[in-house]
Amino acid sequence: MKKKVLFVVTSHDKKGSTNEPTGYYLSEVSHPWEVLHKAGYEIDFVSPKGGKAPVDGFNLDDATNKEFWENKEYRNKVEHTHTPSEINPDEYAAIFYAGGHGAMWDFADNTALAGLAQRIYENNGVVGAVCHGPAGLVNIKLNNGKYLVDGKKINAFTNEEEAAVKLENVVPFALESKLIERGAKFEKSGLWQPHVTVDNRVVTGQNPQSAKAVGEALLGLLK
């Protein structure tokens with residue numbers, strides 16, 4: 001069994017026209033990383049542009065964030081991410097899209113990333129995403145011409161949560177609405193409640209509070 005998982009992080013560092021900084025949300029990388037790393041999985045990082053990924057939610061009071069950030073090997077990996085063209089999807093058992101608002105600008109329309117995810121999924125691999133990470137799922141099409149999310153139970157950062165952080169008019173599209181448009185059976189819980197949905201080798205989580213449980217669900221499918 002392939003013991004490698006591909007983590008996707010954003011290259012985008014600004015929240016639209018606000019000029020507020022963003023990036024990948026650190027705990028949405030570190031919490032799933034801890035679960036998979038401890039289980040013996042090697043994790044590689046890819047981003048739309050490659051190179052150093054911008055980081056948001058930088059809180060080292062979170063012990064798991066601190067453990068990840070101080071791990072020399074993985075800190076180096078996330079600061080030297082691969083470009084999609086450098087990745088061989090056949091090496092990976094799963095692909096996981098981390099959130100952070102940056103993902104809303106550069107995940108959905110990246111056909112190279114969508115191609116990697118399609119290949120991994122159609123190799124009987126697992127696709128995971130948390131918070132805004134499911135932006136990466138909206139345009140993945142399978143060989144049968146259907147969207148990956150079509151007919152599946154899917155979860156992501158909700159329209160209510162986007163309104164609560166006052167960014168519903170800043171993000172380029174409403175993630176929940178777009179997933180529903182693509183045929184997803186959208187599930188959700190209240191604001192900032194952990195919620196993880198698993199359907200047909202696709203694992204999705206609602207918010208940063210769901211990140212560890214997404215990692216655990218991914219691990220459960222990989223075993």
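**Note on aromatic contacts in the predicted model**

1. Eight aromatic pairs are found when the whole structure is searched, a pair being two rings of Phe, Tyr or Trp (its six-membered ring) with centres within 6.5 Å, called stacked if the planes are under 30 degrees apart, edge-to-face if over 60 and tilted otherwise. This is a predicted model, in which local features need pLDDT of at least 70 and side-chain atom pairs count only at pLDDT 80 or more, while totals for chains, interfaces and linings use all residues. Residues are numbered from 1 along each chain as its sequence is written, and side-chain values use heavy atoms, with hydrogens and water left out.

2. Phenylalanine 7 and phenylalanine 45 form an edge-to-face pair, at 5.6 Å centre to centre and with 70 degrees between the planes. Because phenylalanine 7 belongs to strand 1 (residues 4-8) and phenylalanine 45 to strand 3 (residues 42-46), the pair ties together parts that are 38 residues apart in sequence; strands are DSSP runs (E, at least two residues) and helices likewise (H or I, at least four), numbered from the N terminus. Both phenylalanine 7 and phenylalanine 45 are buried, that is, under 20% relative accessible area with a 1.4 Å probe and protein chains only.

3. Tryptophan 33 and phenylalanine 68 also form an edge-to-face pair, with 5.1 Å centre to centre and 75 degrees between the planes. Tryptophan 33 lies in helix 1 (residues 26-38) and phenylalanine 68 in helix 2 (residues 63-69), so this pair ties together parts 35 residues apart in sequence. Tryptophan 33 and phenylalanine 68 are both buried.

4. Through ring pairs, Phe7, Trp33, Phe45, Phe68, Tyr74 and Phe96 are linked into a cluster.

Methods: Buried < 20%, exposed > 50% of the residue type's maximum accessible area, 1.4 Å probe, protein only.
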